[in-house]
Every structure is written in C-alpha cells, then in structure tokens.
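Trainee: Could you help me learn to read a structure like the one below?
Mentor: Gladly, let's take a look together.

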Amino acid sequence: MTGFATLQGQHGAWSWNWDLRAVNARGLDIRLKLPDWIEGLEPLVRKAVSEAVGRGSVSVGLRLGRETDEGAQTINAAALDQALTLLGEIEAAADAKGLKVRAATLTDIAAMRGVVEAGGQRLEDTAPLRAALVAGLPELLAAFNAMRAHEGAALKQVLEAQLDTVEALVGEAQAALAGRGDAQAESLKAALARVMENSDGADEARVAQELAMIAVKTDIREELDRLTAHVEQARSLLAGSEARGRKLDFLMQEFNREANTLCSKSQFQELTRIGLDLKAVIDQMREQVQNVE
C-alpha cells in the first residue's frame, strides 16, 4: 500500500530530515539511503521498518546536516593518506605498462572523496547521534501508517462494493439456471432424436445416458456455491485487523478460476454474459488487492 511521511529532528549541532515512502509490492522490500559513517544505524532502521510494515516497496532516506562556521573545512588525514597511496599505485601500474599519465594536482587530490571535509572532522563517537536518530523512528512510522490506514479505509469500501457486485452477479446466474435448464432439455431431446434417426441399432438408453452425463458436466451450481463462499471469506478478511493482502491475493485467484469454469460450462448466452461480467469485476478486485497489506 502506498504511503509517505517525513520527520525533522535535531541533536546538538546536527539536524536531519527523515523521508519514508512506499509503493505497492507483493512482498516487503526495504531500501535504505543512510549515511554510512553512522555505525549500526542501518540494521536498527531496517528492524524498525520491518516490524511496522508487512508489505510494499519501502524507501527510507535520511538527510543529515551540521551547523558549522561558514566556510570551515578540514583535511581528513586518514583519507588523504589513502588517496596518496592509491595515486601511487595507479602511477606504478601505468609505468609498468608503458603508459604515461598526467600527474595529479593538489586540486585533484583535494577533490577526492573524504579528503576535505566541511565543518570539521566527523564524530569519533556516533552513538549519541545514532540514538537521537532512532528515537524519532516510532513517530515517523506512526505518521506513515496513519496515512496508509486512511487510504486502506477508502480501499476497503471499494473492495466491499466490488464484492457486492460479484454477489449480485451470482444471484443473476442462479436465476438464469432455470431458463438454461429448459433450453438445455430441449437441446438434449433434439440431439437424442438426431442420433436415433442417423444410427441404426443404437441403444436409446445408452445414448440418453451419455447425454445426461453431458448435462451433469455442464452444471455450474458448484461454481456458484464456491463463488458465494469466496465472497463470504473475502468479507471476513476485510473485517479483520491483521495483514491479509496475501490471503486476498490468493482468494482472487480462486474467484477467477470459478468465473473461468462458469464461462466454459455455461452453454447459454445469458450465463456467458454473467460470467464475463464476473471476470471483469474480479480483475478489478485483483488490481486493488495488490494495494492491501
């Protein structure tokens, strides 16, 4: 189910903005975009999200800033040493292959990642900042789930209306069975007469038995009974409070299977029309169910 939430916070000189959003997905896929220098932050965020969200493609972003003196910059000695070592290895490898490379300038070196840092060196101990960041996650996730709950309430009404339509179509199919029964009886009598006229010595009882078997195989009462049961089960799931998106997704497959069988066995124009209408509304439900956690 789609959702969105943001949350701002501050700890000392540090300020931040959390960004949490999700789109529909069959399972739970969590994607994090966090500062990698805050040790232990990623697993804590992943755990909090997985406990609060059961389904969806979830993206979590964190923009982190620090109040500093304007223009203040420092050199990260460890990063500078690593950059110079790397440049030396590149130069040696190029010489070994007979290649000439342009010597790196001071500007090139300063532009290498991590060599020059704004606002002084990073924290040696990131635990207090990490704790402050994680402390805001419950509020962020609560706002996120509140938005999803609001959307879910509207979606529930849509699905309930679609189930009402399925139930009404099942009622129409049951009413149409009487008309099909008369038409089918006439059709079977005519078929039996044609067979007896064109088959010398045919066993009339045997032919009648085969035609009766055809009538049994085209009976759709079981499909209609199962569709009714599926409607009741879907309503029960919608009334619950637990995660039920996957159960509803499976149930939609069962709905579709019964509608397909009804169409294939209908052999009556009105029932075929009802079966096609059922398939159309079931397809709409299947699309909506993808939004349910």
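Predicted model: local features only at pLDDT ≥ 70, side-chain atom pairs only at ≥ 80, totals over all residues.

Trainee: Where is asparagine 17 found, and is asparagine 17 buried or exposed?

Mentor: Asparagine 17 is found in strand β2. With a relative accessible area of 12%, asparagine 17 is buried, because buried means under 20%.

Trainee: How do I read the sheet?

Mentor: Here is the general idea: strands of a sheet pair through backbone hydrogen bonds, either parallel or antiparallel. In this structure, four strands form an open sheet with mixed pairing, in the order β1-β2-β4-β3.

Trainee: Which strands stand at the edges?

Mentor: Those are β1 (3-11) and β3 (28-33). Each has a single partner strand, so one side of each is left without a neighbour in the sheet. Direction ignored, neighbouring strands of this sheet are turned by 15 degrees against each other on average.

Trainee: How many bridges join β1 and β2?

Mentor: There are nine bridges, and β1 pairs with β2 (residues 14-23) in the antiparallel sense.

Trainee: How do I read the faces of a helix?

Mentor: An α-helix has 3.6 residues a turn, so residues three or four places apart point the same way. In α1, the buried residues are Leu41, Val45, Ala48 and Val49. Seen down the axis of α1, these fall within an arc of 95 degrees, so they line one face of the helix. The face turned away from the buried side of α1 carries the exposed residues Pro43 and Glu51.

Trainee: What about α7?

Mentor: At 1.5 Å a residue, the 19 residues of α7 (residues 221-239) should span 27 Å, and this agrees with its end C-alpha atoms, which are 27 Å apart. Its buried residues include Leu224, Leu227, Val231 and Leu238. Down the axis of α7, the buried residues fall within an arc of 140 degrees, so they line one face. Turned away from that buried side is a face with the exposed residues Glu222, Asp225, Glu232 and Ala239.

Note on methods:
Residues numbered from 1 in each chain as written. Heavy atoms only, no water. Pairing = 2+ DSSP bridges. Helix = DSSP H or I, 4+ residues; strand = E, 2+ residues; numbered from the N terminus. Axes fitted to C-alpha atoms, helices over the stretch in contact; angles between N-to-C directions. Buried < 20%, exposed > 50% of the residue type's maximum accessible area, 1.4 Å probe, protein only. Expected span 1.5 Å × (residues − 1). Arc of directions from axis to C-beta.
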